[in-house]
Amino acid sequence: MLPRALAASGASLGGVLLLPSLDPSLSGPSSLLRSSPLYHLLSDSVATPLVKALYDGEDAHNMAILALRRNLAPVAPSFGVSAERDALLSTSLRSPHRAQLVLRLRNCVCLAAGFDKDGKVPLELLQAGFGAVEVGSVTPEPQEGNAKPRVFRLEEDQGVINRYGFNSGGHAHSASLLSSFHSSRAAAVSSIAPAAPPLAHGALGVNLGKNKTSPDALEDYARGIERLGQLGDYIVVNVSSPNTPGLRGLQEKGALTELLTGCVAARDKHAPSKPLFVKIAPDLTGAEIGDIAGVIKKTKIDGVIVSNTTNSRPETLQSASKGETGGLSGAPLHPLSTAAVRAMYSHLRGSVPIVGAGGVSSGKDAYEKILAGAECVQLYSALTYQGLGMVERVKRELGELLERDGYKNVAEAVGKEKR
């Protein structure tokens, strides 16, 4: 079991609190062993290549979740250079509409939705050093998603195509998992760092989707805000997955205005202390991005995630699976998603926080998104090729770039490309 689980975890975990197991009944090596250089080396250099060679994309993904649940992934101590780096990379996303709505991140390198779809292992993922972990997308009722196979690695391109289709255990399932997470997170932090400031242990986002056959999108999202809103540190309305028929149509100006107005009302009623974000596609024209920026301001949304996966296929793609249907992510998405961040920032000009997602696989990628206007970044697909150890590498590289250019923190660099 250990070799397979190590292969699934594929990573070194970066400097963060040595939190206790989410479930002590799930056995695994001690934290001391999992924090050792040898354990990290085996995970990075042996396990990640091995799992790619032996298992398809979805099986490897499921094994990664299993390895995390059984406490087989590496961990790292909370002292030294890593803690200092987090101080440099810490940031706060402030709502322009309510002074009390501030999402404080211990660092600006976060995990995008899609890896932990139901909320099974957010605590273990935070041990990787992410500033925040976003679970989901979660739909009101359980649904299987699209038929398998539905995940394809583009090895030569360092990309992934998926057509999962919002496979989800549903609101009730995620509510149970996230309630357990909060209990474990509170106990872990109080036992190790009782004086730690709020969210020093990492933030949790809840990404909401709609059921494939649902006739009323607003009802689905409002139900999600009511059921799960208080269980996250922030909430995301996902209107940009390419794998749910009709979903991206909700980005049209009129439809989006109606949807977000209703979602803000639901948030104000059921989770008034939680920032509300919307996640958009990269496949938008400049005029469409301008329209969305206007809707965001009008409806008083607290932030925007730019972007989801793309339906487009760059001519440079080399992999045999490049023609598969679904959303393309990973390295090929980086130029398009960064251009979308840049365009959105040109309209918002820092008035509403932007989260940059899509194709982040290095500190340089993260830095480019920050310079284009993102206040923090999210990654996911690069884990397929680099393993969880990349989190610390991205943070280290980003910190070096900020220091090289004379920035004392992330906020100073946001949007500097456009100034």
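Start with Thr 213. Where is Thr 213 found? Thr 213 sits in the loop between β7 (203–208) and α8 (217–228). Keep in mind that this is a predicted model. Is Thr 213 buried or exposed? Thr 213 is exposed, because its relative accessible area is 74%, and the cut-off for exposed is over 50%. Now look across to Pro 245. Thr 213 and Pro 245 are 32 residues apart in sequence. In space, C-alpha to C-alpha, Thr 213 and Pro 245 are 9.1 Å apart.

Next, the helices. Two packed helices are described by the angle between their axes and the distance between the axes. Take helix α9, residues 253–270, against α10. Their axes come within 10 Å and cross at roughly 25°. Angles under 35 degrees count as roughly parallel, so α9 and α10 are roughly parallel to each other. The crossing of α9 and α10 is right-handed. Who makes the contact? From α9, we have Lys 253, Leu 256, Thr 257, Leu 260, Thr 261 and Val 264. From α10, we have Asp 291, Ile 292, Val 295, Lys 298 and Thr 299. By type, the residues of this α9 and α10 contact are five nonpolar, three polar and three charged.

Stay on α10, residues 286–299, and turn to helix α11, residues 334–348. The axes of α10 and α11 come within 9 Å and cross at roughly 50°. That angle makes α10 oblique to α11. Here, too, the handedness is given: α10 passes α11 in a right-handed crossing. On the α10 side, the residues are Gly 286, Ile 289, Gly 290, Ile 292, Ala 293, Ile 296 and Lys 297. They meet Ala 340, Ala 343, Met 344, His 347 and Leu 348 in α11. The residues of the α10 and α11 contact divide into eight nonpolar, three polar and one charged. Note Ile 292 of α10: Ile 292 is in the contact with α9 and also in the contact with α11.

Cys 110 is in no disulfide either, and its nearest cysteine sulfur, that of Cys 376, is 4.5 Å away. A disulfide needs the sulfur atoms within 2.5 Å. Cys 110 is also buried, with a relative accessible area of 3%.

Key. Residues are numbered from 1 along each chain as its sequence is written. This is a predicted model: local features need pLDDT of at least 70, side-chain atom pairs count only at pLDDT 80 or more; totals for chains, interfaces and linings use all residues. Side-chain values use heavy atoms; hydrogens and water are left out. Helices (H or I, at least four residues) and strands (E, at least two) are DSSP runs, numbered from the N terminus. Buried means under 20% relative accessible area, exposed over 50%, partly exposed in between (1.4 Å probe, protein chains only). Axes are lines fitted to C-alpha atoms, for helices over the stretch in contact, and angles run from 0 to 180 degrees between N-to-C directions. Angles under 35 degrees count as roughly parallel, over 145 as roughly antiparallel, 65 to 115 as roughly perpendicular and the rest as oblique. A crossing is left-handed if the near helix is turned anticlockwise from the far one by less than a right angle, and right-handed if clockwise. Contact means heavy atoms within 4.5 Å. Ala, Val, Leu, Ile, Met, Phe, Trp, Tyr, Cys and Pro count as nonpolar, Asp, Glu, Lys and Arg as charged, and the others, Gly among them, as polar.
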